[in-house]
Amino acid sequence: MQTISPGVSSTALTSDNRESHTEVFKQLIDVCVDFKLQDQIYRQRRSPEQIRDILVRELPEHPTDLAEILDDFRHSVLPLCKNENSPYFLGFGDTGDDPAALAGGLLALFTQQNLINQSFDSPSATFVEIATLRWLRELLGYTNLPVPDLTCVWNVGGLVTTGGTSSNTVAMMLAREQRAPGCMVRGVSDPGQFGVIVPRGIGHYSVRSALTWIGCGAQIIEVDTIDFRYDLQALKRTLHEHKGRVMSVVAYAGDSRTQTIENLRAVHDVVRSTDESIWLHADACWGFVCTFSEALRPRVDGIAEYDSVTVDPHKVMAVPYSVSALLVKVPEHLRMITSYSDLIMQEDFAFGQITPFIGTKPWASLKLWMMMRAHGRAGLAAMIERRMEITRAFVEAVDQRPRFLRLHDPDLTAVAFLYLPTDVDPTRPDIDRVNTVNKEIHRRLLEVGQWHLHQFSIPDPGVLRTGEILHPLRFMGANLRIEERHIRGILGHVQALGAEIEESC
Ligand SMILES: Cc1ncc(COP(=O)(O)O)c(C=O)c1O
């Protein structure tokens, strides 16, 4: 009989080497926690070419000890990694630092459940995911079935995806099937019927990408905005002009630039009064947090009337990458995008049937389940209220400095602002000059890497010259480690860079 060589067990996890592996895992946790808590964004900055030359290496011929690999990682890879949990990283807020969520991430890694099926692949994980989806639905204001009536994935009313982009893509698939049932099997024809309305200049690219990925073609119809919300008269006109050719209207509960929250109820009413069959989708990647607090909830009034809603906990709930969800008002609608396999998934609770684009489905929801349990409703409310407090402190600090111009009153934690060069007269502004200086400030910020703000282009809502494209800087008050000294520090730094740039040109 063929004998099996014992050699392989030296690299696999076995009870014989449990102690040594556990020791390395423990050290690894220390390294991870220290990284999260390091003050700096980067411990080292290098050019892409330098990093390429350090890290793009040949596959080693011989085994390397795990402890040695970890040591090498600590010295050659980790110092170059971005730490978004740093209070100097002020452009986004994907801190991924919630301790319970981090614990959930580790548990998901070790337990290796595959939520494509339930019975043998993820007996309990599937129901943790269902519980989490129901919590998200409840916060939004969607109704849930009583637990004993939950009989299959088609009455849960949502699915977990890898991010807002995937969730929006699934929403567009639902819109397509609602407009032209059977595209899933027959393919699309007459692409002109798949128009999607988005607000001009502030839509997220994921909707356009989704339409190209699902074969509809990029049938984006942009509608003018007022203060980063749909101009409702323009929306009405556009709906009439394109009657019968619009499959969906997308509204942002927090757009990706200023996080302005749409007037969701008014948009809903305008759309429904024109065409009952249009799929109304709310992208609440940012605005979902309003549902946590009684004070903020009115800002997303009407959201529960939308056919689908995207939420993105890895952006706003300090949950590590990646976890997002698409929630649908009528759970049965998910039947429209069901796929069938004769190999697997023929069971009531197999999420693989309603999750497009993937086979193996990781237990991404465990991080969120842990986080939501750890905070409870009160903790979630406290988290968003504290972030709003940080944001208000930043607004006040910007407004006190004459060289800064704020573009909007923030609905959430994003604040877009411009540095105003001393030679620019705000009553007759040289927009090119303002943009050039602000772009150079941002370039220098990124190059040095001590601080981080985001930058994008956006139509001027009327602070310098309405409709001109501006390139503001963006602060986000989402990181709970931000203190007043960081606010003073970044504004002082931007002002110093602005003065330096003005002097040099
Ligand atoms: C409004 C909005 N929608 C969707 C997305 C895409 O989300 P993800 O990066 O999780 O795919 C973003 C990302 O910034 C966003 O701001």
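How are α4 and α12 oriented to each other, roughly parallel or roughly antiparallel? The legends below take up this question and others for a predicted model.

**Figure 1. Helix α4 packs against helix α12.** Two packed helices are described by the angle between their axes and the distance between the axes. Helix α4 covers residues 99-111, and helix α12 covers residues 365-399. Their angle is about 150 degrees, and their axes are 7 Å apart. Angles over 145 degrees count as roughly antiparallel, so α4 and α12 are roughly antiparallel to each other. The crossing in which α4 passes α12 is right-handed. On the α4 side, the residues in contact are A100, A101, A103, G104, G105, L107 and A108. They meet L366, K367, M370, M371 and A374 of α12. Sorted by class, this contact of α4 with α12 holds nine nonpolar, two polar and one charged residues.

**Figure 2. Helix α1 packs against helix α3.** Residues 18-37 form helix α1, and residues 66-77 form helix α3. The two pack at an angle of about 10 degrees, and 10 Å separates their axes. Angles under 35 degrees count as roughly parallel, and α1 and α3 are therefore roughly parallel to each other. From α1, the residues H21, V24, L28 and V31 take part in the contact. Their partners in α3 are L66, A67, L70 and R74. In the contact of α1 with α3, six residues are nonpolar, one is polar and one is charged.

**Figure 3. Helix α8 has buried residues that pack against helix and strand elements.** Helix α8 runs over residues 205-213. Which residues of α8 are buried? They are S206, V207, S209, A210 and L211. These buried residues pack against helix α6 (164-179) and against the strands β2 (195-199), β3 (220-223) and β6 (246-252). Just after α8 comes G215, with a positive phi of about 80 degrees.

**Figure 4. Q259 has a positive phi in the loop between β6 and α10.** Phi of Q259 is near 60 degrees, and Q259 is a residue other than glycine. The loop that holds Q259 lies between β6 and α10 (264-274). Is Q259 buried or exposed? With a relative accessible area of 1%, Q259 is buried.

**Figure 5. The loop between α11 and β9 contains A318 and S322.** This loop joins the view of α11 (313-316) to that of β9 (324-328). A318 is not a glycine, yet its phi is positive, at about 60 degrees. The relative accessible area of A318 is 8%, so A318 is buried.

Figure 6. A disulfide is a covalent bond between the sulfur atoms of two cysteines. The cut-off for a pair of cysteine sulfur atoms is 2.5 Å, and the count comes to zero disulfides. C81 counts as partly exposed because its relative accessibility is 26%. At 6% relative accessibility, C285 counts as buried.

Definitions and conventions: Residues numbered from 1 in each chain as written. Predicted model: local features only at pLDDT ≥ 70, side-chain atom pairs only at ≥ 80, totals over all residues. Heavy atoms only, no water. Axes fitted to C-alpha atoms, helices over the stretch in contact; angles between N-to-C directions. Helix = DSSP H or I, 4+ residues; strand = E, 2+ residues; numbered from the N terminus. Parallel < 35°, antiparallel > 145°, perpendicular 65-115°, else oblique. Left-handed = near helix turned anticlockwise from the far one by under 90°. Contact = heavy atoms within 4.5 Å. Nonpolar A, V, L, I, M, F, W, Y, C, P; charged D, E, K, R; others polar. Buried < 20%, exposed > 50% of the residue type's maximum accessible area, 1.4 Å probe, protein only.
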